[in-house]
Amino acid sequence: MSSNYGSGVAQPVVTLTQELAKLPGIGPKTASRLAYHILKTNREDAVALAEAIIEVKDRVSMCPICFNMTEQVPCEICSDPRRERTICVVQDPLDVVALERTHEYRGKYHVLHGAISPVDGITPDKLRIAELIERVKTESPDEVIVFTNLDLNGDATAVYLHRQLTPLGVNVSRPASGLPVGSDLEYADEMTLGRALTGRRIF
Amino acid sequence: MISRDRNYSTEAIVIDRRAYGEADRILIVFTPNYGRLDVIAKGASKAKSRSGPYLDLCSWVNLELATGRDLEVVRSATPVRAFPSFHDDLQRFCHASYLVELVKVITHAEEPHKAVFELLSRSLVLLDEGVDAWMVTRHFEMALLNELGYRPQLFRCVGCDDEITAQVNAYSAMLGGLLCPACRDLDPQAIPLSVNAQKYLRLLQREGLTAVARLKPTLTERAEIQQALETYARFVADRDLRSLRALHELNLDVST
């Protein structure tokens, strides 16, 4: 893509555009727009952005227990004695944020950093699964909740974890799945409707 | 390439997908009339998206598409058939992933292949219905290679053109067929095949799945057949196939 930016554009702008285009979901056009936006903004805002990027790289690291991103080691959640003896397994650090926002879960987490995806070459050894198995052996949690996405990759990961963890004598569960709040029944797919029916509860 | 209206509908199977932007998904779909297409499904990753649940890998759907500047835009998606077993059977999911990856890497963009679409959809249905995954995959490899013009030569030596006789011969992926013992050295990478493995491959090529379903190859013969077809598929694809590596790593490539 560098050739698209080579003519009549100052080299620092080309470099910035190329760096921005490395970010997920940012294509060459968006990268170019962002680069020019940064160029037009005042110096203080640009410096604040650059410093925030450096700070996040310098001060945030991965918790050696749950593999969430943290400023302290071990992370706040892992070092909190009031947390319940359950481990909620999620794909990404952002899933921890989403679950903490619910205030419904009081246990600990384990971040896999992805899900099994054969077409992307992601196999269990590329995820934090071996560390989870070791953790279950040493911590003996009451339950492991596999909260991976409810798509094929998430389900494949859940099936794999179930097979690996059940022999260790721990209860392995999967979250209930069904219809999103506020949705119309007629637009739901048959798998969602089927799961919603299977997991129904008495009033 | 077949000309298309600005808005059109087609059956499609999702053969690759990736997240894009906040909640969009870029998909590669395989269609009977337009071949392989790159499409974008806006908002597909949102929980309340109507089409999102149908646009996972291997999904067989009816798509309403609009011609976009760079990518076709999904206006709506409705399911043709779901494959529920892929959600709770890792082996079937990995085999299905291999089939769609093979179609993605071997076919070319916007080249229609109705027969390949039918082969892919039928094979996914068979996998979902619980038919021996190893057998379905071997049949798929052979039928796909035949259909796309890479039919392996299993009856005459690809070195000297003599008729192949009932003895151990070697399969050359580079030359696309069997080598008799006299020509064996033409390809040092050629894979030795027992007589039964050769018979299985010939029957698979000539008569298809129903015919080979009667056969019960030994584990050694299965390994030979699998190695010959996988090596050839990799050679034709001219690249490493990630889902094939996953199948081997997870030890799910053999029939259980």
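The model is predicted, so to speak of local features a pLDDT of at least 70 is needed, side-chain atom pairs count only at pLDDT 80 or more, and totals for chains, interfaces and linings use all residues. Residues are numbered from 1 along each chain as its sequence is written, chains are lettered from A in the order in which they are written, and side-chain values use heavy atoms, with hydrogens and water left out.

**Stop 1: the domains of chain B**

Select residues 7-81 of chain B as domain 1 and residues 85-249 as domain 2, bounds that come from an automatic or database domain assignment. Their centres, taken over C-alpha atoms, are separated by 29 Å, and the contact (heavy atoms within 4.5 Å) takes 19 residues from domain 1 and 23 residues from domain 2. About 1700 Å² is buried between these domains, with carbon and sulfur atoms giving 70%; buried area is the accessible area (1.4 Å probe) that two parts lose on being put together, summed over both.

Next, show the side chains of B:Asp16 and B:Lys104, which meet in a salt bridge at 2.8 Å, N to O, the term meaning a side-chain nitrogen of Lys or Arg within 4 Å of a carboxyl oxygen of Asp or Glu. Between the two domains the count is 3 salt bridges. On the side of domain 1 that touches domain 2, strands S1 (7-20), S2 (24-31) and S3 (35-41) of chain B each supply at least two residues, and S1(B) gives the largest share, 6 residues; strands here are DSSP runs (E, at least two residues), and helices are runs of H or I with at least four.

**Stop 2: chain B against chain A**

Now display both chains: the contact takes 31 residues from each of chain B and chain A, and the area buried between them is about 2500 Å², of which carbon and sulfur atoms give 61%. Select A:Asp120 and B:Arg17, whose side chains form a salt bridge at 3.7 Å, N to O. Turning to the side of chain B that touches chain A, colour S1, H1 (85-88), H2 (90-106) and H8 (242-249), the elements giving two or more residues; H2(B) gives the most, with 6 residues.

**Stop 3: strands in chain A**

Finally, select strand S3 (residues 86-90) and strand S5 (residues 143-146) of chain A, which run parallel and are joined by 4 bridges, pairing being assigned if DSSP finds at least two bridges between two strands. Here A:Val89 stands opposite A:Val146.
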